[in-house]
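I opened the notebook today to go through one model, a topic at a time. Here is what I looked up, in the order I looked.

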Amino acid sequence: MPPLPPRLRLFPNLNLGGLHPGRLLPHASFSPRLCRPPPPCPTLRRPIRRFLTRAMASTTAGHEAGTSGEAAVRPRRALEELAWDETFVRELPADPRSDNIPRQVLHACYTKVAPTAPIDSPKLVAWSPAVADLLDLDHKEFERPEFPEFFSGATPLAGSMPYAQCYGGHQFGSWAGQLGDGRAITLGEVLNSRGERWELQLKGAGKTPYSRFADGLAVLRSSIREFLCSEAMHGLGIPTTRALCLVETGKSVVRDMFYDGNSKEEPGAIVCRVAPSFLRFGSFQIHATRGKEDLKIVHQLADYTIRHHYPHLENITKSEGLSFEAAIGDSPAIDLTSNKYAAWAVEVAERTAYLIARWQGVGFTHGVLNTDNMSVLGLTIDYGPFGFLDAFDPGFTPNTTDLPGKRYCFANQPDVGLWNIAQFTGPLSSAGLISKDEANYVMERYGTKFMDEYQSIMTKKLGLPKYNKQLIGKLLNNLAIDKVDYTNFFRLVSNVKADPGIPESALLVPIKAALLDIGQERKEAWISWVQTYIEELVASGVSDEERKATMNSVNPKYILRNYLCQTAIDAADLGDYEEVRRLLKVMERPYDEQPGMEKYARLPPAWAYRPGVCMLSCSS
């Protein structure tokens with residue numbers, strides 16, 4: 001088994017408790033080409049990137065529409081006026097049964113099933129005006145007394161056609177078989193006035209055939225975290241599923257939070273998630289494991305996904321910017337214009353690489369990067385035991401279940417992304433949609449795209465004119481040694497002046513607030529780094545004011561730290577939802593100073609390091 005591509009090893013000297021990178025890839029089939037960067041080749045061009053950029057810009061425009069001035073002139077619809085259009089149900093094979101008895105669902109992409117979560121006087125905890133605007137939903141609708149009834153699933157929405165999706169997945173590197181929407185029920189797809197398609201999904205809405213031994217419910221604490229982080233990630237400019245609203249059900253749910261035998265009752269809740277699609281890598285994997293008959297479903301799913309979510313690839317021509325032969329070394333030429341499925345797989349890989357590079361830029365750790373938690377649209381999906389870095393620790397994992405091997409720790413995310421892409425290409429190869437060489441090329445494109453994006457992000461975070469591997473590498477090493485707060489450091493470093501005449505005694509003043517309890521030896525190491533950094537800034541010729549503004553636009557002041565979530569959860573448990581709503585407002589504009597909100601940028605207090613706050617399990 002070859003090691004992971006060295007270009008993806010951001011922290012090659014990191015000791016992860018015996019974890020060897022090769023162990024992350026026990027089943028994937030890789031070309032030896034992946035173990036080295038592709039050499040320069042005059043016949044290799046990258047028009048796929050222009051295509052990707054255009055497609056992602058379109059998606060971003062749709063996500064941003066809710067906060068633009070255009071939203072003010074959009075139609076404002078009542079719930080009964082939402083324009084439903086059920087393409088998933090209409091175009092893909094269905095389970096002939098509609099009961100929610102846990103079972104293996106064969107030869108189908110979904111099961112029609114209605115929400116069944118127990119409800120007793122449900123209450124609206126919070127809602128997102130920006131997501132309401134995506135749906136053209138009138139804000140007055142949230143004032144309706146019956147609104148919580150609709151979004152707890154107790155009262156059906158007119159025009160909706162609820163279903164739960166069937167998918168499988170690799171969990172912690174092992175094939176887990178059928179998983180599916182065990183507690184999420186999609187209400188359907190809504191078309192807005194711009195022609196954008198948005199799926200509405202209730203998470204915690206009750207049992208489905210995919211619930212296995214679980215109850216299909218969710219608790220308030222995990223639902224608050226998902227609701228807030230969905231919108232916080234959007235505020236950071238990172239592709240993500242969204243959240244329309246959060247409803248407390250009025251009923252209790254029993255959970256064993258730490259899997260230690262100490263179960264207790266917690267308030268139940270349901271969050272309404274919104275995305276163009278909730279299709280996952282595992283949506284394709286499950287059918288490829290069920291024999292030749294089901295390989296046609298892989299084909300159907302691929303056609304469906306391209307038709308509705310990658311329409312620019314539907315009729316590829318040589319004039320569309322994909323006319324090239326991507327020959328690398330002695331490998332066969334790959335002409336993406338001859339196979340839309342290969343072009344699509346490349347774009348999925350590049351969107352995934354872009355997404356994970358953005359995570360690394362803000363210090364986000366997903367915590368459960370199983371293939372059933374990987375979106376084929378390149379969205380952050382399924383917010384469970386996630387966490388943002390506080391003190392910089394490449395080995396940080398917020399998931400207690402992940403502690404033994406730290407498979408999904410911060411440093412491993414880029415490599416796990418590649419492993420997951422390998423699992424995604426497997427079903428496409430089995431269905432005859434892409435060749436082995438095309439599958440290898442997909443993975444190569446992931447590696448190239450990730451490094452391009454990561455280097456670009458880190459360069460922007462430091463306000464540099466070009467990527468400086470040595471300077472950035474030394475910085476990350478310093479941050480790890482001294483356990484410096486990742487977010488606060490990058491926000492503060494924008495205050496460093498491009499002035500080589502600054503006396504040595506004053507060099508650390510701009511970042512002093514981030515360097516806590518460092519000795520003389522470490523102080524000298526930081527002075528040396530700042531001196532080199534200033535030399536780079538001087539050479540750039542950019543004014544301090546311009547550079548600071550640019551850096552502050554990519555280095556957030558506010559991130560959704562776990563202790564902030566916990567503060568909101570504690571208040572909500574007592575019936576006070578105001579802190580949830582305040583946090584939502586702050587996280588909508590994480591790059592702005594927001595005078596008066598400075599407490600939300602503070603370092604975690606001592607209590608934040610207790611179990612259940614800094615680290616969580618998958619239980620919810």
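For element names I used DSSP runs numbered from the N terminus, with helices as H or I of at least four residues and strands as E of at least two. The model is predicted, so I kept to its limits: local features need pLDDT of at least 70, side-chain atom pairs count only at pLDDT 80 or more, and totals for chains, interfaces and linings use all residues. Residues are numbered from 1 along each chain as its sequence is written, and side-chain values use heavy atoms, with hydrogens and water left out.

I went to the loop between β8 (197-203) and α5 (220-235) and found Arg-212 there. Arg-212 has a positive phi of about 55 degrees although it is not a glycine. Most residues other than glycine have a negative phi, which made me look for another case. Asp-136, also not a glycine, has a positive phi of about 60 degrees, and its place is in the loop between α3 (129-134) and α4 (147-150).

Are these residues buried or exposed? I took buried as under 20% relative accessible area, exposed as over 50% and partly exposed as in between, with a 1.4 Å probe and protein chains only. Asp-136 is buried at 1% relative accessibility, whereas Arg-212 has 47% and counts as partly exposed.

**Aromatic rings.** I paired rings of Phe, Tyr and Trp (its six-membered ring) if their centres lie within 6.5 Å; planes under 30 degrees apart are stacked, over 60 edge-to-face and the rest tilted. The count came to 29 aromatic pairs. Phe-88 and Tyr-110 have ring centres 5.8 Å apart and planes at 55 degrees, so I noted the pair as tilted. This pair links distant parts of the chain, with Phe-88 in helix α2 (residues 87-91) and Tyr-110 in strand β2 (residues 110-112), 22 residues apart. Phe-88 is buried at 1% relative accessibility, and Tyr-110 is buried at 2%.

Next I checked Tyr-486 and Phe-490, whose centres are 5.1 Å apart with planes at 70 degrees, so the pair is edge-to-face. Both lie in helix α12 (residues 486-492), 4 residues apart, about one turn of the helix.

**Charges over rings.** My test was NZ of Lys or CZ of Arg within 6 Å of the ring centre and within 35 degrees of the ring normal. Arg-225 lies over the face of Phe-386, 4.0 Å from the ring centre.

**Cysteines.** How many disulfides does a search of the whole structure find? Counting a pair of cysteine sulfur atoms within 2.5 Å, I got 0 disulfides. For Cys-245 the nearest cysteine sulfur is that of Cys-272, 4.9 Å away. Cys-245 is buried at 1% relative accessibility, and Cys-272 is buried at 0%.

**A helix pair.** I fitted axes as lines to C-alpha atoms, for helices over the stretch in contact, with angles from 0 to 180 degrees between N-to-C directions. Helix α8 (residues 340-362) and helix α10 (residues 436-461) pack at about 30 degrees, with axes 8 Å apart. The two are therefore roughly parallel; the classes are under 35 degrees for roughly parallel, over 145 for roughly antiparallel, 65 to 115 for roughly perpendicular and oblique for the rest.
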